[in-house]
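Visitor: I would like to go through the charged side chains of this model. Please give the cut-offs as they come up.

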Amino acid sequence: ASLTFGNAVVGQRVAAKAEKRVSGARATLRVENKVAIRFTRMGRKKEPFYRIIAIDSRARRDGLPIQQLGWYDPIRKQSSLDAPAIKDWISKGAQPSDTVGALLKKALII
């Protein structure tokens, strides 16, 4: 009888732990994918050239973009921006990086 009792107690403990795991999983918040507008580096060594892209915020810097939105050449201080597409992404909730945000303000897009 003591073996049965011991197994029942162990079974209750296992069930309680499983219940805590399930209730803990329900309590956690699910984070949605966030789109970022940021630079991806192109060009050669010591000669940077950046493309401005919309990309999943969790992706690496040179990852596969969702859409290319323009480019920026820091050596010549030139840029070409697709303003309607950038405004569209921002209206959908995309967050520009600090550097891209400064460039967009300078170009009067934001």
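Visitor: Is D88 buried or partly exposed?

Guide: The model is predicted, so local features need pLDDT of at least 70 and side-chain atom pairs count only at pLDDT 80 or more, while totals for chains, interfaces and linings use all residues. Residues are numbered from 1 along each chain as its sequence is written, and side-chain values use heavy atoms, without hydrogens and water. Buried means under 20% relative accessible area, exposed over 50%, and partly exposed in between (1.4 Å probe, protein chains only). D88 has a relative accessible area of 35%, so the class is partly exposed.

Visitor: Which residue meets D88 in a salt bridge?

Guide: A salt bridge is a side-chain nitrogen of Lys or Arg within 4 Å of a carboxyl oxygen of Asp or Glu. By this rule the count comes to five. For D88, the N to O distance is 3.3 Å, and the partner is K92.

Visitor: What is the relative accessible area of D73, which forms a salt bridge with R76?

Guide: The closest N and O atoms of R76 and D73 are 2.6 Å apart. R76 has a relative accessible area of 59% and is therefore exposed. D73 is buried, and its relative accessible area is 4%.

Visitor: Which residues does D73 touch, not counting those up to four places away in sequence?

Guide: Contact means heavy atoms within 4.5 Å. Leaving out residues up to four places away in sequence, D73 touches P48, F49 and Q78.
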